[in-house]
Amino acid sequence: MKVKKKNRLAFEKSPYLLEHAENPVDWYPWGEEAFTRAEREDKPVFLSIGYSTCHWCHVMAAESFEDEEVARLLNATFVPIKVDREERPDLDAVYMAVAQMMTGSGGWPLTVFLTPDKKPFFAATYIPKESRFGRIGILDLIPRIGHLWKNERAMLLSSAEEVASALRRPPPEVPGLRLEEATIKAAYQGLVARFDAANGGFGGAPKFPSPTTFLFLLRHWRRTGDPGGVQMTEVTLRAMRRGGIFDHLGGGFHRYSTDLHWRLPHFEKMLYDQAMISLACLEAHQATGKAEYATIAREVFDYLLRDLAAPEGGFYSAEDADSEGEEGRFYLWTLPEVRAVLDPDEAELAARIFHLQEEGNFREEATGRLTGKNVLAMKIPLEDHAREMGIPVGDLREWLEAAREKLFAAREGRARPKKDDKILADWNGLAIAALARGAQVLGDRRLEEAADRAADLVLHRMRDERGRLLHRYRGGDAGILGNLDDYANMVWGLLELYEAGFRPERLEAALALARDMVERFRDRDGGGFFFTPEDGEELIVRRKDGHDGALPAGNAVAAFNLLRLARMTGDPELEVIGSEGLQAFAAQARGSPSAFLHLLSALDFALGPSSEVVVVGEAGSPETAEMLKALRSRFLPRKVVLGRPVGEDQRIVELAGFTAEMEALEGRTTAYVCSGRVCRQPTTDPAAVLKLLEEAAGGS
């Protein structure tokens, strides 16, 4: 058996880069060695950016990067560089902006041709091996680029300089323009116009979960009383839960749906989707009082703790869409496979509920052809099935659960999709925030414990020798200087973790990270924060973005955190910096408000009225538990809560000096409520506390 020669990627930590370590392509990781060689040999750079759970990245790798003919051409013409976008989101953001500028669209795999000084002159996404259907193949493209580099280089260099200059050009600023409530209203109206009332979600296919939309819509309802925000959230969450985008056997959500109805997914599962969707479900549960949204959050958390939790603490990044070389193989079922696992009545029930067909209900994305396989998805709610069948919905749910358990056990015997087992600080920050909020809302101690373990891993094992946050951890090794999202999302997670257990060290850690973030990332001239630290690697542009992508914008999270910390600690400087962070994107957000929804959620908090609640009482006592249960039962997004224990541990006073004189009245758990910068009479009655907060929240 011939042993494959490995390239330089064999020494990397990224699972995605390691997948390409045996390619015949002479890959380099991103670094000076590659660019020095490009300059020395007078070659352009072939930059390929992807990630381990990207289906079309796998397709391009199998077609081209594992092909000897393509590799010979690439190696002769370019210095090839492979980048994991999840390890290097700074590079991905820069060169994705290039692709969108050059082609009007973007996505992965991302292919960019660079000069030896890192300036791009050509960009594309997936490139087939051979030209077909009007799309140029890599075998034809490489010689063309090589010819242009040798014979028309001046044109390429001019193009590269134009692109680099355009990237560096700051967005237009309007002096004195500010974000106001009118922008929140405009964003809401834009969502109403795009809402798919029949199927849930916004716009056409493909459909992404976009949970920051739900967080915004629920805040709009809370502010205005307009029920539309809750209705759009409910319709979409229910449609997603019924659809194939939800894993009906193992829990958790797939990345996105290729169709309008949420039925046919791309099967990769991402940590950040689980975190953000569960947060949206928890808030929907608080806003509506309906248990079904708490159930969805629990199902997501069960998946998270079972399949993505790392033994040392923290959470892995993702699970692949493919297994055994086929997209969705792990998740899809033929009817004979279902019948082999279930008894006849159960199989008939499963086929009815999940719309399973002999010819299959899952179509190949490229051809639209039915495959004979089925994705589990409900066309109508379980209650409708029960009504049609004339049986109680509780009985139907019980029977379905028995069938689900059998199918899940059988599926566990299949070859699993690959797991991307790197641990990222930013995605773990979101997971910590979701789990800690889940602990608060659901009263589930195991969620707080999981969040605590993840926070400890990041804080204690993902730091460099100077104590600075690092982005990636894998196999006992932490590396890559932390970016804005790492700091912002970890602060968010720590704030939620503090409110879950009121451990002062969590608030202290959040405050320290936030101040470090301000020191290293702040744009002192224009407000807001750069994605990379001031001493980070010099790229062709230092980006500062406020719009949301698959994740909420780091600038939005950072501003939100600072505003919350200002309320929790009484530090007005944090509020000033947070407010500047919001206003830095005023012109952009007013021009395209629906792209800045998390920033507008932060604006909702800034506009207020916000409330500060200090609970003074014996930690763990029934009275304190009752007070906290009341505070956590309602959707009151413009409040912060601090715990001041009765006894010797008064570290919270050092962090929030305004709590110093607050005492338990008559030895009973007491809540001190301040709203709109006005403090109310302290009370020991949970119902009175809720009444004060509801009055302050207004709207609904």
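A disulfide is taken here as a pair of cysteine sulfur atoms within 2.5 Å. The model is predicted, and it holds two disulfides. One joins C54 to C57; C674 and C679 form another.

| Disulfide | S to S distance | Torsion about S-S | Hand |
|---|---|---|---|
| C54 to C57 | 2.4 Å | 80° | right-handed |
| C674 to C679 | 2.1 Å | about 95° | right-handed |

The S to S distance for C54 and C57 is 2.4 Å, which counts as a disulfide because the cut-off is within 2.5 Å. The torsion about this S-S bond is 80°, and the link is right-handed. For C674 and C679 the S to S distance is 2.1 Å. Their torsion is about 95°, so this disulfide is right-handed.

Accessibility can be read for each partner. Buried means under 20% relative accessible area, and exposed means over 50%. C54 has a relative accessible area of 3%, so C54 is buried. C57, at 2%, is buried as well. In the other pair, C674 is buried at 11%, whereas C679 has 57% relative accessibility and therefore counts as exposed.

Is C281 buried or exposed? The relative accessibility of C281 is 0%, so this cysteine counts as buried.

Notes
Residues numbered from 1 in each chain as written. Predicted model: local features only at pLDDT ≥ 70, side-chain atom pairs only at ≥ 80, totals over all residues. Heavy atoms only, no water. Buried < 20%, exposed > 50% of the residue type's maximum accessible area, 1.4 Å probe, protein only.
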